[in-house]
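Trainee: Please put the model on screen, and we can go through it by question and answer.

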Amino acid sequence: MKEDFEISLRLSAQRALLGEIASNMRLITIGWDDELRQFQIIVYFDKEVTEDDKENINNITAEILADIDFKSEKIECVYEKRQQNELKLLSFVVFARKEK
């Protein structure tokens with residue numbers, strides 16, 4: 001059951017991200033709480049986050065929530081300079097930009 005859920009969530013995220021990756025996005029990680037009630041997404045940016053960036057992530061999240069029945073969501077849009085391997089990650093990374 002958990003494996004089916006994880007596959008469904010990954011596929012939903014990939015579909016929601018098609019055509020939505022902006023050039024200032026560095027890494028996107030997703031997860032959920034223990035009771036599968038709260039969807040969590042963290043998007044790391046390479047510059048200050050704008051209202052347009054937040055709206056884009058809200059749209060991506062809405063697409064995922066249309067597929068998977070979570071009760072709530074926690075969205076974090078973070079401007080971060082640290083290396084990708086130093087960032088807080090959730091259950092899965094669904095996008096990572098190539099960086100030096």
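Mentor: The expected span of a helix is 1.5 Å times one less than its number of residues, and helices (H or I, at least four residues) and strands (E, at least two) are DSSP runs numbered from the N terminus. This is a predicted model, in which local features need pLDDT of at least 70 and side-chain atom pairs count only at pLDDT 80 or more, while totals for chains, interfaces and linings use all residues. Residues are numbered from 1 along each chain as its sequence is written, and side-chain values use heavy atoms, with hydrogens and water left out.

Trainee: How far apart are the end C-alpha atoms of helix α2?

Mentor: Helix α2 covers residues 51-67, which is 17 residues. At 1.5 Å a residue it should span 24 Å. The model agrees with that, its end C-alpha atoms being 25 Å apart.

Trainee: Within what arc do the buried residues of α2 fall?

Mentor: Buried means under 20% relative accessible area, exposed over 50%, and partly exposed in between (1.4 Å probe, protein chains only). In α2 the buried residues are Asp53, Asn56, Ile57, Ile60, Thr61 and Ile64. Taking directions from the helix axis to the C-beta atoms, these residues line one face of the helix, because they fall within an arc of 135 degrees.

Trainee: Which exposed residues does the face of α2 turned away from its buried side carry?

Mentor: On the buried side, the cover includes α1 (2-17), β1 (25-32), β2 (38-45) and β3 (72-79), where contact means heavy atoms within 4.5 Å. The face turned away from that side carries the exposed residues Glu51, Asp52 and Ala66.

Trainee: Which residues touch the most other members of the largest nonpolar core?

Mentor: A nonpolar core is a set of buried Ala, Val, Leu, Ile, Met, Phe, Trp, Tyr and Cys residues joined through side-chain atoms within 4.5 Å. The largest has 20 residues, and those touching the most other members are Leu9 and Ile30.

Trainee: Which element gives the most to this core?

Mentor: At least two residues each come from α1, β1, β2, α2 and β4 (92-96). With five residues, the element that gives the most is α1.

Trainee: Is the pair of Phe5 and Phe70 edge-to-face or stacked?

Mentor: Rings of Phe, Tyr and Trp (its six-membered ring) pair if their centres lie within 6.5 Å; planes under 30 degrees apart count as stacked, over 60 as edge-to-face and the rest as tilted. By this rule there are four aromatic pairs. The ring centres of Phe5 and Phe70 are 5.9 Å apart and the planes are at 70 degrees, so the pair is edge-to-face.

Trainee: What is the pair of Trp32 and Phe92, stacked or tilted?

Mentor: Trp32 and Phe92 are both buried. Their ring centres are 5.7 Å apart with the planes at 45 degrees, so the pair is tilted.

Trainee: What is the relative accessible area of Gln40?

Mentor: Gln40 is placed in strand β2. Leaving aside neighbours within four places in sequence, Gln40 is in contact with residues including Thr29, Trp32 and Leu90. Gln40 counts as buried, because its relative accessible area is 17%.

Trainee: How far apart in space are Ile41 and Cys77, C-alpha to C-alpha?

Mentor: Ile41 is in strand β2 and is buried, with a relative accessible area of 2%. In sequence, Ile41 and Cys77 are 36 residues apart. In space, C-alpha to C-alpha, the separation is 8.4 Å.
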